[in-house]
Amino acid sequence: MKIHRKNAKGLRPWYSILLIALVLMLFSHAALAENETADIPVLLEPVGVKMDCATAYRGELSDIEVYDASVIPYVEEIYFPIGGSVEDVHVVTGQKVKAGDALITLNHESKTKEIEALQKKIDALEANSMYADSLAKIDLDILEFELQKLQNQHTPDPQKIALKQLEIEEKISAIAFDQSLRARELSALREELALLQEETAQAVLTAPFDGQIMFCANLKKGSYISAFNPLIYMADSTRLSVQAEYISPSVLRGADQIYALIGAKRYSLTNIPLDTTEYLSKVLAGETIYTQFAFDVPDEDITAGLYAALCLESEVLTDALLIPSNALYSDSAGGRYVYVIENNERTRRNVKTGRMTDWEVQIVEGLTEGEVVYVKE
């Protein structure tokens, strides 16, 4: 319909209003006619253009939540279990180290002197103990000889023999008591020595595994450090995980499958639970909280820093008849239909649908596996 605009100059205002009303009525009539035929769309075959189509197939349908994530290495905080003064720093940020390599050494000169003095005391006590045991044995041998002499007399005196036997028993008890006292003293000194040696060993911070220094505190000789204060962060690129922003445990529990899409591969994952104490401490400190996942099967193709699409799949429906979501049409009455390709022509067919996602639709009735449907752009 063409509407020719005329010059309305000199006409009465009501005539202009009437003309506009007439035009609006004509447009309304045209729109109404178009709506009446909308329920029976007719798709014209494009000339010389190949139709996009898809085949109905049986597969798996589910609800999937996707989160941005990344592959990260295992990172460990390293600290001294004791406080002290720094003697030497052996590494710098970015350096690769082997398990057992020295990272930071504390000044333990005073502890070394204590250990030397204590070791001398232990050695002296052990020597004195051996000497005392030798003297006690001699004394006991003399008593035994005297007893034997009394027993070998022509007329043995039972009273003297009994007294000598009692003296021997008392000597044996005295020797045992002295030995137990020395043993307890030696034990206490050895425990003290072991503690000092342990503290001295703790004065050297060593790498717990092969890896790379991600961060090293700026320390100098003489700097004082506190116990359990993280000084170094080490990364192990052989132990990788997937990290995403915090996902609540209830959401994780509701997922039937958890996996990551990295590159062109899919990797099954298992959630690494966050310790409640650690979670609360991070919340109170205002730190960012993350959720981590371990790879069920390691893969050499995975490296730290890669992007990962973390997928939480739930309500999995198996053996469903599926078509692409853009192959489904709806009419004004709420009915749903597809165009089936038959003899290179499109034929409308009403269908009943089940579960739907942004990408796929389950067909409950109206199609069979293998039929080809038209896919709109």
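Two aromatic rings of Phe, Tyr or Trp are counted as a pair if their centres lie within 6.5 Å. With that rule in hand, this tour of a predicted model begins at a group of tyrosines.

**Stop 1: the tyrosine cluster**

Select Tyr329, Tyr337 and Tyr339, which together form one aromatic cluster. Are Tyr337 and Tyr339 buried or exposed? Tyr337 has a relative accessible area of 4%, and it is therefore buried, the limit being under 20%. Tyr339 likewise counts as buried, at 4% relative accessibility. In the model, the count of aromatic pairs comes to 8.

**Stop 2: arginines over rings**

Arg348 lies over the face of Tyr337, at 3.7 Å from the ring centre. Next, select Arg346 together with Tyr374. Here the charged end of Arg346 sits over the ring of Tyr374, 4.4 Å from its centre.

**Stop 3**

Move to Arg349, in strand 16 (residues 345-350). Which residue is its salt-bridge partner? The partner is Glu371, and the closest N and O atoms are 2.8 Å apart. Glu371 belongs to the loop between strand 18 (360-365) and strand 19 (372-374), so the pair, 22 residues apart, links distant parts of the chain. Arg349 is partly exposed, at 24% relative accessibility, whereas Glu371 counts as buried, at 17%.

**Stop 4**

Select Asp63 and Arg355. Their side chains meet in a salt bridge of 3.8 Å, N to O. Asp63 is in strand 2 and Arg355 in strand 17 (residues 352-356), and this pair, 292 residues apart, also links distant parts of the chain. Both partners count as partly exposed: Asp63 at 30% relative accessibility and Arg355 at 23%.

**Stop 5**

Display helix 2 (residues 109-151), where Lys137 and Asp141 lie 4 residues apart, about one turn of the helix. The side chains of these two residues meet in a salt bridge of 3.3 Å, N to O. Lys137 counts as exposed, at 52% relative accessibility, while Asp141 is partly exposed, with a relative accessible area of 40%. Then select Glu146, Lys164 and Glu167, which salt bridges with shared partners join into one network. The model's count of salt bridges comes to 19.

**Stop 6: the largest pocket**

Finish at the largest pocket, which has a volume of about 880 Å³. To centre the view, select Leu274, Glu278, Lys282, Tyr290 and Gln292, the closest to the pocket centre of the 31 residues that line it. Which elements give two or more residues to this lining? They are strand 2 (57-78), strand 9 (232-245), helix 4 (249-253), strand 11 (265-272), helix 5 (276-285) and strand 12 (290-295). Colouring the lining by class shows 17 nonpolar, 8 polar and 6 charged residues.

Notes. Residues are numbered from 1 along each chain as its sequence is written. This is a predicted model: local features need pLDDT of at least 70, side-chain atom pairs count only at pLDDT 80 or more; totals for chains, interfaces and linings use all residues. Side-chain values use heavy atoms; hydrogens and water are left out. On a 1 Å grid over the protein atoms alone, a cavity is a set of points where a 1.4 Å probe fits but cannot get out, and a pocket is an open set with protein on both sides within 12 Å along at least five of seven lines; lining residues have an atom within 4 Å of a point. Grid points are joined across faces, edges and corners, and a volume is the space filled by probe spheres set on the points. Ala, Val, Leu, Ile, Met, Phe, Trp, Tyr, Cys and Pro count as nonpolar, Asp, Glu, Lys and Arg as charged, and the others, Gly among them, as polar. Rings of Phe, Tyr and Trp (its six-membered ring) pair if their centres lie within 6.5 Å; planes under 30 degrees apart count as stacked, over 60 as edge-to-face and the rest as tilted. Buried means under 20% relative accessible area, exposed over 50%, partly exposed in between (1.4 Å probe, protein chains only). A charge sits over a ring if NZ of Lys or CZ of Arg is within 6 Å of the ring centre and within 35 degrees of the ring normal. A salt bridge is a side-chain nitrogen of Lys or Arg within 4 Å of a carboxyl oxygen of Asp or Glu.
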